[in-house]
Amino acid sequence: MLEDDSTYFTRRAEAELEQAQRATKPEVVRVHFMLAEAYLERLQPDARASIEQRT
């Protein structure tokens, strides 16, 4: 994976997790978590673990 892709997916996953924390409706929270998970799945397993530990 290119470094730019990894950086992008990491940044997007973090942004979705932040949005999930700000959301007030359960269905919106769920969608943001689903989007974050989709971005995390595109990262290498070690990068994914690093992101998940920060949340």
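The questions and answers below go through a predicted model. Residues are numbered from 1 along each chain as its sequence is written, and side-chain values use heavy atoms, with hydrogens and water left out. Local features need pLDDT of at least 70, side-chain atom pairs count only at pLDDT 80 or more, and totals for chains, interfaces and linings use all residues.

Me: How far apart are the end C-alpha atoms of helix 2?
Reply: Helices here are DSSP runs (H or I, at least four residues), numbered from the N terminus. The expected span is 1.5 Å times one less than the number of residues. For the 16 residues of helix 2 (residues 26–41) that gives 22 Å, and it agrees with the distance in the model, 22 Å.

Me: Which residues of helix 2 are buried?
Reply: Buried means under 20% relative accessible area, exposed over 50% and partly exposed in between (1.4 Å probe, protein chains only). On the face turned away from the buried side, helix 2 carries the exposed Pro26 and Glu41. The buried residues of helix 2 are His32, Ala36, Tyr39 and Leu40.

Me: What is the angle between the planes of Tyr8 and Tyr39?
Reply: Rings of Phe, Tyr and Trp (its six-membered ring) pair if their centres lie within 6.5 Å; planes under 30 degrees apart count as stacked, over 60 as edge-to-face and the rest as tilted. The structure holds 3 aromatic pairs. Tyr8 and Tyr39 form one that is edge-to-face, with 6.2 Å centre to centre and an angle of 85°.

Me: How many residues apart in sequence are the parts tied together by Phe9 and Tyr39?
Reply: Phe9 and Tyr39 form a tilted pair, 6.2 Å centre to centre with 35° between the planes. Phe9 lies in helix 1 and Tyr39 in helix 2, so the parts tied together are apart by 30 residues.

Key
Helix = DSSP H or I, 4+ residues; strand = E, 2+ residues; numbered from the N terminus.
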